[in-house]
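Please consider the structure shown below. The paragraphs that follow lead through its pocket and then its aromatic rings.

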Amino acid sequence: MYYDTALAAPALADNANSALILGMGTGTYARQLKQYYPKMNITGVEIDQKITDLAGEYFDEPADIPVTTYDGRAWLAASHDKYDVIMVDAYQDITIPFQMSSTEFFTMVREHLNPGGVMVVNMNMISDGQGSINEALSDTIASVFGNGNTLTADVPNTTNRELFAKKPGSGSEENSMQQASKALNLRETTYERTGSEDLEWYMEEVASRFRKVNEPDSASTILTDDKAPVEVLGMHAIDQIIADEAGPYRQILKDEGFGGLLRAVQ
């Protein structure tokens, strides 16, 4: 699942002592962090109090993790704390809050990271190509975090893609993330910090899925508070998915008529 792949974030970070989750939901990522990093200080922000209530009642959300009911960006604006890991999990398919997709927002997240800290963003829809929603988000984030500091990893058998962006620490801007993302380094760091052989070997598999986000150019779509057409870009993604899924059935209809179409969907 996507939160398993997202466990690469504390291994990519220079330290793994604290985490902030924007979009706490039912607390799955928090439980994962607590399992493997029991000493980590975790803070959650969730816009819907009903979700937080359900998380405690039905999903065993850890009672020792403070969760604030607030918009994630507004909460950041009022906070002065910094973290080693910040998870942005506020996107649901094409429902992307524009105020949490812009350079201004990601700059704010970067400012709340410790040196060497990592932001992980759960992008719920794999939408690729020029003008796609994921290209716009990736380019926007890369424009904030700098060249060589942004990676993605698709989650197998899902429509999720995890994006990791690192704030430069003691190393150079480029080498810091590239070195940490190598399979051997990721495995060694994971085992050193968690003692889990299962997670160590899984991180090697995650590392094989890493893809570097190239530096944005003049043709890139950079989302800002003044212009973040995430709804339009999301609808384009839906249109493309429908076209891809419907393509084979259009051909069956053309070749075999309605009878063939009915047989194909039975």
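Predicted model: local features only at pLDDT ≥ 70, side-chain atom pairs only at ≥ 80, totals over all residues.

**The pocket and the aromatic rings**

The largest pocket holds about 530 Å³ of space. Sorted by class, the lining comprises 14 nonpolar, 12 polar and three charged residues.

Attention now turns to the aromatic rings. A pair of such rings is described by the distance of the centres and the angle of the planes. Across the whole structure, a search finds three aromatic pairs. One of them joins Tyr-2 and Tyr-3, with 5.3 Å from centre to centre and 65° between the planes, an edge-to-face arrangement.

Another pair is formed by Phe-164 and Phe-210. Their ring centres are 5.7 Å apart and their planes stand at 85°, so this pair is edge-to-face. Where do Phe-164 and Phe-210 lie along the chain? Phe-164 belongs to strand β7 (residues 161–166), whereas Phe-210 belongs to strand β8 (residues 210–212); the pair therefore ties together parts that are 46 residues apart in sequence. Both Phe-164 and Phe-210 are buried.

A further contact involves a charged side chain and a ring. Arg-187 is placed over the face of Trp-201, at 3.8 Å from the ring centre.

How values were computed
Residues numbered from 1 in each chain as written. Heavy atoms only, no water. Phe/Tyr/Trp six-rings, centres within 6.5 Å; stacked < 30°, edge-to-face > 60°. Helix = DSSP H or I, 4+ residues; strand = E, 2+ residues; numbered from the N terminus. Buried < 20%, exposed > 50% of the residue type's maximum accessible area, 1.4 Å probe, protein only. Lys NZ or Arg CZ within 6 Å of the ring centre and 35° of its normal. 1 Å grid on protein atoms, 1.4 Å probe; cavity = no way out; pocket = protein on both sides within 12 Å on 5 of 7 lines; lining within 4 Å. Points joined across faces, edges and corners; volume = space filled by probe spheres on them. Nonpolar A, V, L, I, M, F, W, Y, C, P; charged D, E, K, R; others polar.
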